[in-house]
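Please open the model in your viewer and keep the selection tool at hand.

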4 protein chains.
Amino acid sequence: MARPAAIALKARKQPRQARSQATVDAIFEATIQVLLGEGLQRLTTIRVAERAGVSVGTLYQYYPNKQALLFGVMQRHMERVGAAVEKTMAAVEHTPLATMIPAVIASLVREKTSSIDESRVLYAVSNELGARDLVRAAEKYARARIAEFLATATDARFDDIEMTAYMFFSALNGPLRVALEGGASSKMLSSLRDHLTSLCLGYLEREARPR
Amino acid sequence: MARPAAIALKARKQPRQARSQATVDAIFEATIQVLLGEGLQRLTTIRVAERAGVSVGTLYQYYPNKQALLFGVMQRHMERVGAAVEKTMAAVEHTPLATMIPAVIASLVREKTSSIDESRVLYAVSNELGARDLVRAAEKYARARIAEFLATATDARFDDIEMTAYMFFSALNGPLRVALEGGASSKMLSSLRDHLTSLCLGYLEREARPR
Amino acid sequence: MARPAAIALKARKQPRQARSQATVDAIFEATIQVLLGEGLQRLTTIRVAERAGVSVGTLYQYYPNKQALLFGVMQRHMERVGAAVEKTMAAVEHTPLATMIPAVIASLVREKTSSIDESRVLYAVSNELGARDLVRAAEKYARARIAEFLATATDARFDDIEMTAYMFFSALNGPLRVALEGGASSKMLSSLRDHLTSLCLGYLEREARPR
Amino acid sequence: MARPAAIALKARKQPRQARSQATVDAIFEATIQVLLGEGLQRLTTIRVAERAGVSVGTLYQYYPNKQALLFGVMQRHMERVGAAVEKTMAAVEHTPLATMIPAVIASLVREKTSSIDESRVLYAVSNELGARDLVRAAEKYARARIAEFLATATDARFDDIEMTAYMFFSALNGPLRVALEGGASSKMLSSLRDHLTSLCLGYLEREARPR
DNA sequence: CATGAATGAGGTTTCATTCAT
DNA sequence: TATGAATGAAACCTCATTCAT
């Protein structure tokens with residue numbers, strides 16, 4: 001990655017034709033593959049292009065630079081996971097904590113583990129200069145949304161709801177990250193879901209004041 | 001970083017003269033500084049050497065390659081934190097959970113925040129190919145030690161102590177990492193300690209069976 | 001040349017466009033020129049690239065490393081000389097020694113001296129780690145081919161044909177090498193051809209048993 | 001080897017004390033060892049010093065630079081071989097060719113093979129910029145001496161004695177070099193001596209005119 | 001005299017990016 | 001639009017040599 005500076009990181013063009021869309025998808029998939037097979041350090045634009053079956057030039061038609069490529073992959077992943085969890089949250093709002101929390105956790109774990117490789121490999125990307133801000137922004141939004149969500153619990157009120165949301169969010173993602181980066185087994189992952197529930201509920205019930 | 005492969009990562013020579021020790025310390029400090037000021041991507045051996053006030057050649061007299069440098073910095077940090085927490089653990093073993101857990105959490109938070117910059121910046125390093133294994137090994141040891149530690153609680157027994165230790169460890173480090181990487185305020189950090197205690201105690205008391 | 005190890009030494013890509021072929025040729029020629037003007041010790045990839053009028057990056061598109069470059073130049077030279085001598089050998093097989101030997105010697109001398117500079121300069125390269133094996137293999141093949149060749153003489157048989165071929169080959173190349181490395185005059189070179197003939201025929205006739 | 005330029009290549013000081021002589025000898029031996037074990041490319045002054053059990057600084061007390069070191073090693077080898085052969089030549093001058101030639105060849109082969117490793121490894125050094133001139137000079141002298149020598153044969157006269165000496169010298173060294181560089185077996189070496197004799201005598205008798 | 005820490009120029013190699021075809 | 005050859009800055013690392021101790 002040559003000079004970071006302040007460069008446009010948005011995708012260069014919106015593919016309108018079917019062929020273009022196929023190319024973008026191929027590049028996306030190739031990026032994950034290379035990340036998986038070679039690691040972030042050895043991910044080069046040429047390697048991605050080769051894996052995608054196109055030339056470098058073509059890659060640069062869709063992404064102005066390498067950062068934008070990683071940025072794009074990251075974004076797409078977070079949008080997918082975010083959308084799924086938001087949907088679940090909307091469905092269980094305004095119910096007791098014991099209903100809300102397990103549902104959200106199940107949703108997050110399901111989504112993250114449905115494409116384990118993608119999730120795992122993107123933790124590495126999330127430390128990239130470019131992706132960092134993106135992740136920060138997403139987390140900030142997530143915490144705000146969680147705070148709203150927790151506030152709807154029919155059986156609990158929280159004094160410092162920002163902090164509570166923050167802890168809830170981090171307590172969820174900490175173990176998940178460790179598990180995915182470490183290459184957890186599927187058995188362990190199912191156990192993880194229950195323990196995460198226990199962890200979060202234990203915390204929230206401690207912090208909650210009856211409504 | 002050229003080709004990772006299987007290279008010696010140990011420090012190249014043990015400094016014997018006083019001058020040498022000063023040089024090694026300067027390099028160490030410079031590494032943290034550069035990491036802080038420029039980020040991992042822009043950390044180059046030349047920049048580190050310059051900041052340390054020595055030549056590249058000198059740097060390479062003590063570290064066989066860039067990875068070893070990062071490796072060394074990482075190791076020193078983990079050893080410091082680990083030693084402090086172990087000491088605390090030894091001091092509060094064989095007491096009730098409500099005594100043990102807050103003590104350990106306070107110790108970890110104190111240690112991590114006593115040199116916030118170092119802690120923060122090393123999260124980035126921990127993803128480096130070379131450091132990865134080092135971190136994995138340390139975490140594995142830590143979990144084992146924690147399992148032992150939890151087993152000494154005078155008022156609790158755990159069915160799946162490995163998993164419990166794992167969750168405890170991750171629940172501690174997840175929020176800490178987010179807080180340090182995000183640049184938390186000192187006020188928030190003190191609040192964090194209490195919430196971590198709440199998080200972990202909530203979980204452990206849920207999982208514990210009376211003894 | 002960093003670490004020899006076991007690296008791919010083959011040319012990296014086969015040039016497909018006309019422009020590419022011109023580039024490869026330029027690099028080849030530049031290598032000889034630099035070898036001639038600066039010597040092997042001062043042959044650097046940058047110098048070769050500059051002399052070829054391309055950038056280093058371009059050089060590395062065609063040769064994966066410096067060794068491969070020298071390797072390539074060596075190979076091309078040996079193939080040219082080898083092909084010429086083989087052709088001559090095929091033409092004079094199954095005739096008396098007095099016909100066969102002078103023909104082969106004339107062919108070798110002609111070929112080596114047709115591009116004196118190239119020949120001369122490549123003796124230095126032949127000691128390079130990478131080229132060494134190449135040369136060994138070529139010599140081994142050459143000796144085997146010579147043994148076959150000598151066996152077809154209509155007026156002679158040899159008891160230890162391998163040793164005889166070995167001596168013939170070395171007796172030819174020893175003086176040639178000294179002459180070329182020392183920068184022999186053209187007059188001396190023509191004289192050399194006759195003396196080489198005398199040297200080899202003298203030896204072979206001594207070793208030969210009538211058929 | 002940094003900048004060749006025109007530097008003094010002579011040994012820096014003549015060791016007068018016994019301890020000094022031992023140091024010089026150790027350095028000499030270490031140079032051969034490193035050459036043998038690592039090759040010319042990986043011969044560094046530090047490695048030589050380490051192997052010799054002294055510090056680099058000490059090495060530089062005796063040799064002004066790396067070239068001088070190689071130069072010195074080369075020279076000592078050539079002087080040893082040269083002295084032995086000269087002695088033999090002096091002993092068999094003024095006798096028939098059939099007496100003179102086998103004696104000289106036996107002497108040369110014996111000397112070169114008495115320390116095969118040293119001989120072998122120094123062929124690589126002989127191509128070094130610095131050593132090159134040294135070798136040239138020695139060869140020139142050798143050829144002149146051989147011409148004188150051949151002129152004393154009681155049963156032969158040569159028309160072009162310079163050329164004859166040149167061929168004789170090269171015919172001897174060509175096969176020897178190939179054999180030593182290739183790592184010949186001792187059985188092959190004894191066979192080599194006879195064939196060299198045959199090669200040289202065959203040539204000389206062809207070129208000789210009766211006296 | 002000996003030591004070995006320090007120097008820094010210079011070598012090899014990679015890779016994001018451009019642009020003529 | 002697609003291609004892939006070309007670019008060249010910049011990274012890592014080595015090693016001959018010096019000099020304070």
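This is a predicted model: local features need pLDDT of at least 70, side-chain atom pairs count only at pLDDT 80 or more; totals for chains, interfaces and linings use all residues.

Residues are numbered from 1 along each chain as its sequence is written, chains are lettered from A and ligands numbered from 1 in the order in which they are written, and side-chain values use heavy atoms, with hydrogens and water left out.

Now select A:Gln67, A:Leu70, A:Phe71, A:Glu128, A:Gly130 and A:Ala131, which line the second largest cavity (lining residues have an atom within 4 Å of a point). H4(A) gives the most, with three residues. By type, the lining divides into three nonpolar, two polar and one charged, where Ala, Val, Leu, Ile, Met, Phe, Trp, Tyr, Cys and Pro count as nonpolar, Asp, Glu, Lys and Arg as charged, and the others, Gly among them, as polar.

Staying in chain A, select A:Glu118 and A:Arg80, which form a salt bridge with their closest N and O atoms 3.6 Å apart (a side-chain nitrogen of Lys or Arg within 4 Å of a carboxyl oxygen of Asp or Glu). A:Glu118 lies in helix H6 and A:Arg80 in helix H4 of chain A, so the pair ties together parts that are 38 residues apart in sequence. Over all chains, the count by this rule comes to 51 salt bridges.

Next, show chain A together with chain B. Their contact, meaning heavy atoms within 4.5 Å, takes 36 residues from chain A and 35 residues from chain B. Which three residues of chain A lose the most area to chain B? They are A:His195, A:Leu199 and A:Arg206, together 18% of what that side buries, buried area being the accessible area (1.4 Å probe) that two parts lose on being put together, summed over both. For the two chains the buried area is about 3,200 Å², 58% of it on carbon and sulfur atoms. Four salt bridges cross this interface; to view a salt bridge between these chains, select B:Arg206 and A:Glu205, whose side chains meet at 3.6 Å, N to O. H9(A) gives the most to the side of chain A that touches chain B, with 13 residues.

Finally, turn to chain C and chain D, where 36 residues of chain C are in contact with 37 residues of chain D. C:His195, C:Leu199 and C:Arg206 supply 18% of the area that chain C buries against chain D, more than any other three residues. Select C:Glu181 and D:Arg132 to see their side chains meet in a salt bridge at 3.7 Å, N to O. To end, show chain B with chain C: no contact joins them, and their closest C-alpha atoms lie 12 Å apart.

Conventions: On a 1 Å grid over the protein atoms alone, a cavity is a set of points where a 1.4 Å probe fits but cannot get out, and a pocket is an open set with protein on both sides within 12 Å along at least five of seven lines; lining residues have an atom within 4 Å of a point. Helices (H or I, at least four residues) and strands (E, at least two) are DSSP runs, numbered from the N terminus.
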